[in-house]
Amino acid sequence: MSESHNLPQNATFEQIGEVLRNHQSFVLISHVRPDGDAIGSQIALGYSLLAAGKSVRLINEDGLPDNLAFMAGAEKIERPPAEPLEVEVAIALDTAAKPRMGDRALHAASKAKIWLNIDHHLSNPKYGDLNLIDSTSPATGQILYQLITALDLPFPAETRDAIYVAVSTDTGSFQYSQTTAATYEMAADLLRRGVDVGTLNSKIYDNHPYRRVELMRALLNTLERSPDGLVAHWDLRDKTRLDLALLPEDSEGLIDIIRAIRGVQLAVFFEELVDGKIRVSMRSKDRRVDVCKIALEFGGGGHALAAGIRMKGPLEEAKPLVLAAIRRHIEAAGL
Ligand code: 5GP
Ligand code: MN
């Protein structure tokens with residue numbers, strides 16, 4: 001990261017446009033354990049810049065997850081090379097905090113002179129030289145749609161489909177409360193530009209590996225609900241991960257199953273990671289309980305209704321700490 005001071009304010013589209021126009025080489029990075037908005041944002045902006053004649057690398061610490069390999073343009077997603085890339089500009093996409101890009105990805109981008117930070121996480125501390133953070137946007141893909149159209153950058157088919165995937169996955173198929181009129185207007189425009197909704201949705205949502213369903217069965221066996229019914233949680237242990245030969249992306253979105261229980265206002269997913277850390281995923285259905293604030297207490301982050309933490313294990317110690325914090329926030333909110 002460069003030494004220049006952080007800008008407290010967002011950059012304008014025009015200032016971002018100037019950086020994009022006045023440079024030739026770019027590396028675009030998103031967060032570890034990338035989801036549809038992370039990879040979708042990389043492909044969306046990446047292919048627009050490629051179509052504009054720029055040199056572009058798309059780097060992700062964890063590479064391309066299996067469940068997003070269907071995306072047009074996904075073959076350009078690479079794991080970080082060992083040596084820093086000779087690039088002028090690095091662009092962080094959908095990444096709430098700088099370390100969430102991963103050490104190797106940050107090393108690969110370490111020669112960049114300018115960092116752009118484009119994201120929709122409320123907790124983003126604006127770590128770029130130029131920042132475009134819009135926490136009212138349901139997905140980074142939607143910010144990129146606005147940026148690309150406002151700057152009249154090229155809009156190839158890869159960009160179009162990637163924006164659709166990014167926004168669809170981050171809005172729970174256009175369902176969550178952050179979905180705005182602008183989101184539907186954007187989707188209508190993407191359809192007019194040729195998005196094949198049926199095919200794309202089928203590839204996103206009707207194509208799960210069988211082991212994901214077996215994982216669901218294992219998780220349901222660990223499901224617990226607080227006596228007042230407000231909190232539901234389950235956990236994924238090392239043994240299950242090994243027995244089912246799970247990939248990190250297999251658990252993506254499964255928390256929605258317990259979030260959907262009537263009466264549950266907070267859903268929590270605990271997962272033992274390969275490195276011994278614990279990943280905590282949280283969802284709130286009530287704006288009065290802001291899970292981003294709870295996550296920040298443990299060094300995590302995210303959004304008011306969806307946030308996450310990576311914390312020290314073991315699970316037996318992490319779990320009661322997080323559940324106690326949640327209980328405190330529930331009581332403070334008067335639920
Ligand atoms: P998920 O539960 O789907 O992994 O993440 C929910 C939201 O919280 C996402 O927007 C994600 O970027 C954010 N998030 C998840 N884990 C972490 C974390 O460890 N640190 C930070 N800063 N944000 C996280
Ligand atoms: Mn996102």
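Trainee: Is S173 buried, partly exposed or exposed?

Mentor: The model is a predicted one. S173 sits in the loop between α5 and α6 (181-192). Buried means under 20% relative accessible area and exposed means over 50%. Because its relative accessibility is 28%, S173 counts as partly exposed.

Trainee: What is the phi of F174, and where does this residue lie?

Mentor: Most residues other than glycine have a negative phi. F174 lies in the loop between α5 and α6, and it is buried, with a relative accessible area of 13%. Although F174 is not a glycine, its phi is positive, at about 60°.

Trainee: Which residue does a cis peptide bond join to G313?

Mentor: Most peptide bonds are trans. In the bond in question, omega is about -5°.

Trainee: At what angle do helix α4 and helix α5 pack?

Mentor: Two packed helices are described by the angle between their axes and the distance between the axes. Helix α4 covers residues 140-150 and helix α5 residues 157-170, and their axes are 8 Å apart. The angle is about 145°.

Trainee: Which residues of α4 and α5 make the contact, and how many of them are nonpolar?

Mentor: From α4 come G141, Q142, Y145 and I148, and from α5 come T159, I163, A166 and V167. By class, the contact has no charged residues and three polar ones. The number of nonpolar residues is five.

Trainee: Is H120 buried or exposed?

Mentor: H120 has its place in the loop between β5 (114-119) and β6 (130-133). Beyond its neighbours within four places in sequence, H120 is in contact with several residues, including D94, D134, D170 and H303. Because its relative accessible area is 1%, H120 counts as buried.

Trainee: With which side chain does the side chain of H120 make a polar contact at 3.3 Å?

Mentor: A polar atom of the H120 side chain lies 3.4 Å from the backbone oxygen of P138. The polar contact at 3.3 Å is made with the side chain of D37.

Trainee: How far is an oxygen atom of ligand 1 from an N or O atom in the side chain of H121?

Mentor: There are 15 residues around ligand 1, and H121, R279, S281, R283 and H303 come nearest. An oxygen atom of the ligand is 3.4 Å from a polar backbone atom of G308. For the H121 side chain, the distance is 2.7 Å.

Trainee: Is H329 buried or exposed?

Mentor: H329 is found in helix α12. Apart from neighbours within four places in sequence, H329 is in contact with V289, K293, I294 and E297. Its relative accessibility is 17%, so H329 counts as buried.

Definitions and conventions:
Residues numbered from 1 in each chain as written. Chains lettered and ligands numbered in written order. Predicted model: local features only at pLDDT ≥ 70, side-chain atom pairs only at ≥ 80, totals over all residues. Heavy atoms only, no water. Axes fitted to C-alpha atoms, helices over the stretch in contact; angles between N-to-C directions. Helix = DSSP H or I, 4+ residues; strand = E, 2+ residues; numbered from the N terminus. Contact = heavy atoms within 4.5 Å. Nonpolar A, V, L, I, M, F, W, Y, C, P; charged D, E, K, R; others polar. Buried < 20%, exposed > 50% of the residue type's maximum accessible area, 1.4 Å probe, protein only. Near = heavy atom within 4 Å. Polar contact = N/O pair within 3.5 Å; in protein donor to acceptor, adjacent residues only side chain to side chain.
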